[in-house]
Amino acid sequence: MLIRFKKNMEKIAMGLLSFMPDEKKDVKKLQNTIKEYESNPNWNLYLWKEEDVLGAIGVRVEEHHVIIQHVSVNPSHRNMGIGKKMINEIDQLYQENYTVYAGEEVQDFYQKCKSDNV
Ligand SMILES: CC(C)(COP(=O)(O)OP(=O)(O)OC[C@H]1O[C@@H](n2cnc3c(N)ncnc32)[C@H](O)[C@@H]1OP(=O)(O)O)[C@@H](O)C(=O)NCCC(=O)NCCS
């Protein structure tokens, strides 16, 4: 299930976000990203928790839309549908009040999830 990120989950969240192409080569950027999720009320990070935390999905909320900025799944648990479940849950959470978009890095995977749903 999708749970809201809390500060005591910082290490696991950083580990997951570090798989994003734009974050993985730059520790400073990753630290800034996690700080933004902790402090900016418009940046919301969620974790996918089964027995362990297996995925992360982060959004930026703007006036009329929500942008999915980060999606990442533990490499040992990929291709089991977790990424798609996270995308679908975020859509359900926000689509009543916002238009949901995927950020540049998430675009292809988001389209793939939407086309699987039809
Ligand atoms: C992208 C990612 C989140 C997918 O998570 P996942 O739990 O393995 O995804 P699912 O099991 O729900 O879906 C797997 C399907 O998505 C496809 N897929 C994976 N990454 C994709 C991408 N970047 N673009 C399009 N399709 C992609 C797989 O080929 C697979 O297709 P199939 O079902 O037809 O075989 C995961 O591979 C990951 O963490 N990658 C590293 C982080 C990253 O690059 N994020 C940016 C892209 S979101």
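Reply: Happy to! Ile 3 sits in strand E1, which spans residues 2-4 (strands are DSSP runs of at least two residues, helices of at least four, numbered from the N terminus). This is a predicted model, where local features need pLDDT of at least 70 and side-chain atom pairs 80 or more, while totals for chains, interfaces and linings use all residues. Numbering starts from 1 along each chain as its sequence is written, and side-chain values use heavy atoms, without hydrogens or water.

Ile 3 counts as buried because its relative accessibility is 16% (buried means under 20%, with a 1.4 Å probe and protein chains only). Its C-alpha lies 5.3 Å from that of Leu 47, although 44 residues separate Ile 3 and Leu 47 in sequence.

Now to the ligand. Its shell has 17 residues, with Val 73, Asn 79, Gly 81, Gly 83 and Lys 112 the closest (a heavy atom within 4 Å qualifies a residue). At least two shell residues come from each of strand E4 (65-73), helix H3 (82-94) and helix H4 (107-117). By type, the shell has eight nonpolar, four polar and five charged residues, with Gly counted as polar.

A polar backbone atom of Lys 84 is 2.9 Å from a ligand oxygen, one of Met 80 is 3.2 Å from a ligand oxygen, and a polar side-chain atom of Arg 78 is 3.3 Å from a ligand oxygen. Of the 860 Å² of accessible area that the ligand has on its own, the protein covers 67% (Shrake-Rupley method, 1.4 Å probe).

Technical notes: Polar contact = N/O pair within 3.5 Å; in protein donor to acceptor, adjacent residues only side chain to side chain. Buried < 20%, exposed > 50% of the residue type's maximum accessible area, 1.4 Å probe, protein only.
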